[in-house]
Amino acid sequence: MSRRNESPGRRARKQAGSDAAAAAGAPVSAASEPSGGDAAQAGTAVPSGQSGRAETRVRRQRHRRQAVTAGSAVLILAAATAVVAGSGAVESGSAGRTVESAAADVPAGPLTAVCPEPLRLLSGAVAGTDPQFSPVSGSARTTLSAVVLSGAGNPVPASSLLEADGTSVLKTIADDAPEEQPLAGVRSAGVLANELVTGATVLSAEPSGTLQATANAVVGFSAEDGDLAGLAAANCQAPGNDMWILGARTTVGATAVLRLTNPSESPAAADLEVYGSQGRVEGTGTRGILVPPGETKAIVLAGVAANDPGLAVRVRSSGGPVTALVQQSVLRGVTPGGVELIQPSAAASPQQVISGVRIQSPAATKALTAKRGYESASPVLQVAVPGSTNGVVSVRVLGEDGDVSLPGGGVFTVPAGSVGQLPLDSLPEGTYSVEVTADVSVVAGTVSSRGSKPDTAVDLAVTPSGERLGNEHLAVLPADIASVLSFAAPAGAAEVRLTGVAGDGSLADEQIIPVPEGSTVNIPAQRVGTDLAAVLISTTGEPVYGAQVLTGKNSGVSVLPLPKGNIGGTSVPVSLGY
């Protein structure tokens, strides 16, 4: 039928169909496209030399429209598929209900822990950052011991001791390729014992299967002469962005140096919040402390808060995560008053539990503190209240036979933004746990001494509060130092499972130790086994808290919080949308 003879209705229907196809991006059929003759009839002249180019342009436009149409079809099909797939989660007629997000398993990453450098005496610049240090003594010795455990039926994960910048291997603990595959269900360990170190180092261990490696290392410092005579120890520490340190002092003869280490590849900027016995301290140089990758920044706390018997320091970093600890030393005239490496405590909370609080006999403490200048050798509990409201603090002391009373009932008030102290010199000799509860968030720890004779070396122990124990905590036992594992269950009965790790990497049979409600249980490491490199700790039942008490020759003493347990892979929720 010719166009001239078509009815108006037919022409209108054809035109509507062409417009709809064009709007949808579909190619218009040849019957509906005007031909060259039609174009001429419509008054559009097409020169003969340009007719080929025009046809080419039309073909290109057609191909483009076809491509758009195909892409639109794919998107429409994908959207339809998503609707169909989601129809099982979203019921018909239930508008407003959300679709549950799927969870994607993210495997655990490598373990990285910073091991502190040996203690050093300050020399030259003694305020601000970047102080100078001088040699210690002829008998000073700093060693590192590390243990890396395998998973059941797996080889010991590849692990090494690295330099602080993480680039050079100082010692290999376990290689990538084991000589033989272990038997199913059998665990073993890589052991590095008494490695002499002269600077900060990094413990690195690859994951064991889907779990982060169960590994830990301890740095031990000991000296029998010089101004730093005593014993100090610290676990190698995983970096973080927010931590509290309590127990540093800057009184006459006391030196406290905060050390910030950045093991990452990104620069870190650290901010300090400092609280003292008289309130919050606003010192210069406490904001934006730059810690370059692989380096350590030292800050002398006396330059921030001088002559204070108890400081609480909050360290928060942006950029790369950092580790933080305080090198504390005390000198009373020419007599050493003790050394310690103060590690971070548990985060601020209305409840804190401090394990491994070692108290010497009241008679020995009385004889020691009677001499002028030794008043600070008396054991005390320190509580920091960082908020803007005064804290009413209640203290409960747990001994081996249950609760031990304190004068005044153990209740006292700490002003907002300050650090308060409660004497513990009335306690009989022993190792205790201290539970602190308050009506506001607090940070807590204890400071005690070991030594009974004035004019002879006295050592210092600072015990931070700890977190609730779970599974796979690894307490490394430094050689030639007596270790006691101290546990407490304040709220109810629990059990502690101890497995000795021998120096050859083999594991002993598990021992189950009951922890009665409201008491402290102290287990010497020799009870778990002989010639041990570490003890693997897991708990069941009500919440359990613990610490490791170290004692050395003469009056040496140091307390380690138990390291965090095994960290597995995490599940990350994944939401689909646009």
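Start by selecting Cys115 and Cys236: a disulfide (a pair of cysteine sulfur atoms within 2.5 Å) joins them, with 2.0 Å from S to S. This is a predicted model, in which local features need pLDDT of at least 70, side-chain atom pairs count only at pLDDT 80 or more, and totals for chains, interfaces and linings use all residues. Residues are numbered from 1 along each chain as its sequence is written, and side-chain values use heavy atoms, leaving out hydrogens and water.

Stay with the disulfide; the structure holds one. Turn the view to look along the S-S bond: the angle about it is 110°, and the link is right-handed. Now colour the strands (DSSP runs of E, at least two residues, numbered from the N terminus).

Next, look for cavities, sets of points on a 1 Å grid over the protein atoms alone where a 1.4 Å probe fits but cannot get out. There are three of 30 Å³ or more.

For the largest, of about 80 Å³, select its lining (residues with an atom within 4 Å of a point), which includes Cys115, Glu117, Arg259 and Leu325. Strand β20 (323-332) gives the most, three residues.

Finally, select Ser355, Gly466 and Leu560, among the residues lining the second largest cavity, of about 40 Å³. Strands β29 (459-464), β36 (545-551) and β37 (557-561) each give two or more residues here.

Note on methods. 1 Å grid on protein atoms, 1.4 Å probe; cavity = no way out; pocket = protein on both sides within 12 Å on 5 of 7 lines; lining within 4 Å. Points joined across faces, edges and corners; volume = space filled by probe spheres on them. Helix = DSSP H or I, 4+ residues; strand = E, 2+ residues; numbered from the N terminus.
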